[in-house]
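Trainee: Could we go through this model together? I would like to begin with the overall picture and then turn to particular regions.

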Amino acid sequence: MKKTKLKFKKKKIFFIVLSIVVALIIAGDWALTVMVYNENFNRRFESYEPLMLYVDDFDGLQCVKYEFSSNEGQKLAGYMYSSGENQRGIIVMAHGFGGGGHNSYMDCANYFARHGYYVFAYDATGNDESEGEGVGGLPQGVIDLDYAITFVEESGNFPSLPIVLFGHSWGGYSVCNVLTYHPEVKAVIACSGFNASLNLFEAEGKRQVGNGIYLMLPFVKLHERIHYGEYASNTALDGFSKSNAAVMIVHSFDDEVVPVEYGYETFYEKYKDDSRFSFIPLENKGHNYFNNDTYRNEFNAEFDEWLKTLDYDTAENKERFSDDKADYIYHNLDREKWCSSLDLELFEDFVGFYDEHIY
C-alpha cells in the first residue's frame with residue numbers, strides 16, 4: 001500500500017512539474033510573439049520630410065483640416081480635399097502601413113478631387129499628425145476607418161453625398177473589412193490589400209523564419225483578439241458578405257509585400273463570377289504601382305550616381321548621410337515631375353468605376 005501511494009505521489013509531482021514547464025513554455029512563446037508583433041506593428045511612423053507632398057504642389061487643390069476621435073479617444077487628423085464644383089460623391093481614403101500617414105497619397109487625392117469627388121483622407125493612429133505612441137496593430141486600421149466614415153456621415157461638416165472607399169495595402173485590407181460596419185458604402189477600390197490581419201504577419205514571418213512562424217500565429221490571434229475584439233477576427237470576406245457595395249480588387253502578381261494568395265487570389269476564387277466584383281491583375285508592378293516610373297527611375301539613377309561620389313561610409317556615418325541625403329533631395333528633386341507622375345490610365349479606370357456605382 002505504501003509503495004502504491006508513493007508511486008501515486010511521484011506521478012502527481014511529475015504531472016505538476018510537467019504542467020508548470022508547459023505553462024512556462026507557452027508563456028515564453030506568447031511573450032516572444034507579442035514582442036515581435038510590437039516591434040513590427042506597434043510603432044510610430046512619420047512621413048519622410050524631403051519627399052512630402054503639399055497642397056501648393058497641385059494647382060487648384062484645396063484642403064480643410066479636421067480633428068476627430070477614434071476608439072480610445074486618440075485624436076486623428078483628417079483632411080477634406082476638393083477642387084472645383086459639382087462633386088458627385090465623397091471618397092474616404094485609407095493609407096498604407098509604414099510610410100507615415102496619408103501624405104504620400106496626396107497626388108491620388110488631387111486626381112480624384114479634379115475629377116468630381118471630395119476626398120476625405122486621414123492619418124491613422126500613430127502616424128504623422130495623429131495621436132498615438134504607435135499604430136498598435138493592423139486591426140487598428142479598420143477601427144480608425146470606421147470612425148472616419150462615421151465622422152464624415154455624422155459631424156455635419158460635409159455634404160450628404162454617396163460614400164465610396166479607396167485603400168492601398170493596409171488601407172486595402174481596411175476598406176474591405178470595414179464594410180461589415182458600413183454596408184451603406186456604395187463602392188470600394190482595394191489595391192494590394194489582404195483578407196485578414198494575420199496575413200501580413202504570416203507573409204513577413206515566412207520570409208524571415210520559414211514555417212516556424214506558424215507556431216506564433218495562435219498567439220498573434222489571441223493578442224489581437226484581446227486588444228481589438230471582433231475587429232481582429234473580421235475579414236475582408238466577412239465585409240463583402242455583409243454589403244452590396246461594388247468592389248474593385250487591384251493587385252500585381254509580383255507583389256512581395258502582400259503576396260497575391262493573401263488578397264487577390266482569395267477574393268477571385270470566391271467572387272470571380274459575381275458581377276459586383278471587378279478584378280484588375282497587374283504584372284511586374286510590385287507593391288506600389290500608382291505612378292508612372294519614368295521620372296522616378298531617372299531621379300533614382302541620378303541619386304545612385306551621387307552616392308558613389310561620397311567619400312565616407314554611409315553605414316558608419318548615419319547622421320551625416322541623413323543630412324546629406326535630405327540636402328541632395330531638396331536641391332535636385334523636380335517637384336513638378338515628382339507630383340505629376342500618376343498612372344493616368346489606371347486612375348481613369350478608378351474614376352470610371354466610382355461613377356458607375358455611386359447611384
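Predicted model: local features only at pLDDT ≥ 70, side-chain atom pairs only at ≥ 80, totals over all residues.

Trainee: Understood. How many helices and strands does the chain have?

Mentor: The secondary structure comes to 13 helices and 8 strands. The C-alpha atoms fill a box of roughly 95 × 60 × 40 Å along the principal axes.

Trainee: What percentage of the residues is buried?

Mentor: Of the 359 residues in the chain, 50% are buried.

Trainee: And what share of the contacts comes from residues 24 or more positions apart?

Mentor: Among contacts with a separation of 6 or more, 76% are between residues 24 or more positions apart.

Trainee: Which residues have the most contacts inside the largest nonpolar core?

Mentor: They are Val-92, Phe-120, Tyr-122, Leu-165 and Phe-240, in a core of 58 residues. Helix H3, residues 139-154, supplies the largest share of this core, with 7 residues. Another core, of 50 residues, lies apart from it and includes Ala-121, Tyr-328, Leu-333 and Leu-342.

Trainee: Let us stay with H3. At what angle do the axes of H3 and H4 cross?

Mentor: They cross at roughly 55° and come within 8 Å. The two helices are therefore oblique to each other, and their crossing is right-handed.

Trainee: Which residues make that contact?

Mentor: H3 contributes Pro-139, Gln-140, Gly-141, Val-142 and Leu-145, while H4 contributes Trp-170, Tyr-173, Ser-174, Val-175 and Asn-177. By class, 6 of the residues in this contact are nonpolar and 4 are polar, with no charged residues.

Trainee: Is H4 mostly covered or exposed?

Mentor: Helix H4, residues 170-177, is mostly covered, with 8 of its 8 residues buried. The buried residues include Gly-171, Gly-172 and Cys-176.

Trainee: Now the other pair. How do H10 and H11 cross?

Mentor: The axes of H10 (residues 294-308) and H11 (residues 318-332) cross at roughly 135° and come within 12 Å. That angle makes H10 oblique to H11. The crossing of H10 and H11 is right-handed.

Trainee: What does each helix bring to the contact?

Mentor: From H10 come Tyr-295, Phe-299, Glu-302, Phe-303, Trp-306 and Leu-307. From H11 come Phe-321, Asp-324, Lys-325, Tyr-328, Ile-329 and Asn-332. The residues of this contact divide into 8 nonpolar, 1 polar and 3 charged.

Trainee: A change of topic: where is Ser-192?

Mentor: Ser-192 lies in the loop between strand S6 (187-191) and helix H5 (197-209).

Trainee: Is Ser-192 buried or exposed?

Mentor: Ser-192 has a relative accessible area of 0%, so it is buried. Beyond its neighbours within four places in sequence, Ser-192 is in contact with His-168, Ser-169, Val-250, His-251, Asp-255, Val-258, His-287 and Tyr-289. Its C-alpha is also 8.1 Å from that of Asn-288, although Ser-192 and Asn-288 are 96 residues apart in sequence.

Trainee: And what does Glu-49 touch?

Mentor: Not counting residues up to four places away in sequence, Glu-49 touches Tyr-54 and Tyr-330. Glu-49 lies in the loop between helix H1 (2-41) and strand S1 (62-69). Glu-49 and Tyr-330 are 281 residues apart in sequence, yet 9.8 Å apart in space, C-alpha to C-alpha.

Conventions: Residues numbered from 1 in each chain as written. Heavy atoms only, no water. Axes fitted to C-alpha atoms, helices over the stretch in contact; angles between N-to-C directions. Helix = DSSP H or I, 4+ residues; strand = E, 2+ residues; numbered from the N terminus. Parallel < 35°, antiparallel > 145°, perpendicular 65-115°, else oblique. Left-handed = near helix turned anticlockwise from the far one by under 90°. Contact = heavy atoms within 4.5 Å. Nonpolar A, V, L, I, M, F, W, Y, C, P; charged D, E, K, R; others polar. Core = buried A, V, L, I, M, F, W, Y, C linked by side-chain atoms within 4.5 Å. Buried < 20%, exposed > 50% of the residue type's maximum accessible area, 1.4 Å probe, protein only.
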